[in-house]
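Open the model in your viewer and keep the selection panel at hand. The stops below follow one another, each with something to select.

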Amino acid sequence: MAKYVAAVDQGTTSTRCMIFDHSGKVISIDQKEHEQIYPKAGWVEHDPMEIWEATQGVVKNAVAKADAQPGDIVAVGVTNQRETTIVWDRKTGKPFSNAIVWQDTRTDQICNHLAQDGGQDRFRSKVGLPLATYFSAPKIMWMLENVQGLRAAAEHGDAIFGTIDTWEIWWLTGGPKGGAHVTDVTNASRTMLMDLETLDWDGKILDIMGIPRQMLPRVVPSSDPDAWGFTAKGGPFSDAIPVCGDLGDQQAALVGQTCFSPGEAKNTYGTGCFMLLNTGTEPVPSKSGLLTTLGYKVGDQSAVYCLEGSIAITGALVQLLRDNLKMIEKSTDVSELAGTVEDNGGIYFVPAFSGLYAPYWRNDARGVIVGLTRYINRGHIARAALEATAFQTREVLDAMEKDSGVQLKALKVDGGMVVNDLLMQFQADILGVPAVRPMVAETTALGAAYAAGLAQGFWGSLDDLRQNWQIDKTWEPRMDAQTREKLYKGWLKAVTRTFDWVE
């Protein structure tokens, strides 16, 4: 009998494969980082072939570590950094250029041009998103305009587009030899091209943007009993396993946290920070700068929608302290450094390195440190960097409560930064609600495994998945309300100092 489900988790800075058993326990894991390419200020790229090579390596290693024999793995799920855009040759698999990463801001002029007719919310009623450099569609437009020979290849049907999930699934299921060209509803909802009601590409928006429909993958459920293909026998899994789960990373974390009821929310602390609130089977339009997005879709059941608050820079700010400023040797050192001081010393660090995402959507913003005096030392800067994550999360939560009318009782937290006690305690303090970490903190890969396992009957229902969820630690708020509001007021003031920096 099959014992495991595998998840390929392709993130912004690394790729990993995790293998889970029926209880949701991690059996094995292997991970590899890939290069971050910065050709110009504001440009961020990845090498798609490097990512595929890393994927093959981590899959082989994870399978070997699990001592998994043919037949032991029942299904494969994929989860991915969303919005990152690749266009490649359907016959050879060769990319036409590097991938343009979700953080990249080169498309700001394209977004401004599109906004001249109808403003930043021109397509929001259809797609749930504002016009912003974050999403895939402007990146496709930039490639079609700037990559030599691409438009002709796209119109002939030779050039195909995908976010990273599509790229990974295409290669896992055979690549140029009949690989499945698909994306799920959650990833499709991040392109700015999918109609939230029909769950298919919107022909009118494609025409406005000049994107040939034949470039686009087929939109499928997140958990699909009709597997899109099987892993190639000579490939990294070495066995034919159905590939039938696909979720964007934040939606995967929502599923991994079993936020299956309207009003349940999770926040993932990674390179960026992403809070999702389940709003049920009807899309909820946002009046507060949030995104209306797909949460998940299981087979032929109704799609579940979310409100999302996306924060561009959280964990990446710690990486800046480590790599650019050389203030710490490794990311985990930030907590010890921040712990050398009792508070932020009156400074705020607003990391608007690629503009501000929710709830502002300001492409013209850039990062600032405000409130500097001679009293400030490295510890205060480290502490302000951690607090920035918590303050930005508070802004998003306020917007969610305003849009949905739901008052959050507790926040489920996951991702790489939730091992940081100082950050999690400050998060609970500044929100005024408990922060709750599950036993399996890496819920992104778990959610992809759940999607694949559900499709193959490895788990029978969403209730089975709820049984797996267990609390590891809870941080209760300790800060008095007056201090909380004073600190938050200072943050909001600091954010305004980032506006209008880019002319």
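Leaving aside neighbours within four places in sequence, which residues is Ala 54 in contact with? They are Thr 15 and Lys 32, where contact means heavy atoms within 4.5 Å.

Before going further, note that this is a predicted model, in which local features need pLDDT of at least 70 and side-chain atom pairs count only at pLDDT 80 or more, while totals for chains, interfaces and linings use all residues. Residues are numbered from 1 along each chain as its sequence is written, and side-chain values use heavy atoms, with hydrogens and water left out.

**Helix 1**

Select residues 48-65, which form helix 1. Helices (H or I, at least four residues) and strands (E, at least two) are DSSP runs, numbered from the N terminus. Ala 54 lies in this helix and is buried, with a relative accessible area of 4%. Buried means under 20% relative accessible area, exposed over 50%, and partly exposed in between (1.4 Å probe, protein chains only). Draw a distance from the C-alpha of Ala 54 to that of Thr 15: the two are separated by 6.5 Å, at 39 residues apart along the chain.

Move along helix 1 to Ala 62. Ala 62 is buried, with a relative accessible area of 0%. Apart from neighbours within four places in sequence, Ala 62 is in contact with Cys 17, Ile 19, Ser 28 and Asp 30. The C-alpha atoms of Ala 62 and Pro 48 are 14 residues apart along the chain and separated by 21 Å.

Next, select Thr 107, in the loop between strand 7 (99-100) and helix 2 (108-115). Thr 107 counts as buried because its relative accessibility is 1%. Show its surroundings: not counting residues up to four places away in sequence, Thr 107 touches Thr 133, Pro 138, Lys 139 and Trp 142.

Go on to Met 192, in the loop between helix 7 (185-188) and strand 10 (194-195). Phi of Met 192 is near 80°, a positive value in a residue other than glycine. Met 192 is buried, with a relative accessible area of 1%. Then select Leu 199, in the loop between strand 10 and strand 11 (200-201). Phi of Leu 199 is near 60°, again a positive value in a residue other than glycine. Leu 199 is buried, at a relative accessible area of 16%.

**Helix 16**

Select 481-496, helix 16. Helix 16 has 16 residues and reaches 23 Å from its first C-alpha to its last, close to the 22 Å expected at 1.5 Å a residue (1.5 Å times one less than the number of residues). Which residues of helix 16 are buried? Colour Arg 484, Tyr 488, Gly 490, Trp 491, Ala 494 and Val 495. They lie on the same side of helix 16 because they cover an arc of only 155° around the axis, the arc being that of the directions from the helix axis to the C-beta atoms.

The cover over these buried residues includes strand 19 (348-350), strand 20 (368-370), helix 12 and helix 13 (421-431). Turn to the face pointing away from the buried side for the exposed residues Gln 482, Lys 486, Lys 489 and Lys 493.

**Empty space**

Rolling a probe the size of a water molecule over the atoms shows where empty space is left. On a 1 Å grid over the protein atoms alone, a cavity is a set of points where a 1.4 Å probe fits but cannot get out, and a pocket is an open set with protein on both sides within 12 Å along at least five of seven lines; lining residues have an atom within 4 Å of a point. Grid points are joined across faces, edges and corners, and a volume is the space filled by probe spheres set on the points.

The second largest pocket has a volume of about 320 Å³. Of its 16 lining residues, Asp 343, Glu 387, Phe 426, Met 479 and Leu 487 lie nearest its centre. Helix 13 gives the largest share of the lining, 4 residues.

For the last stop, select Ile 311, Leu 356, Tyr 357, Ala 358 and Gln 392, which lie nearest the centre of the largest cavity among its 16 lining residues.
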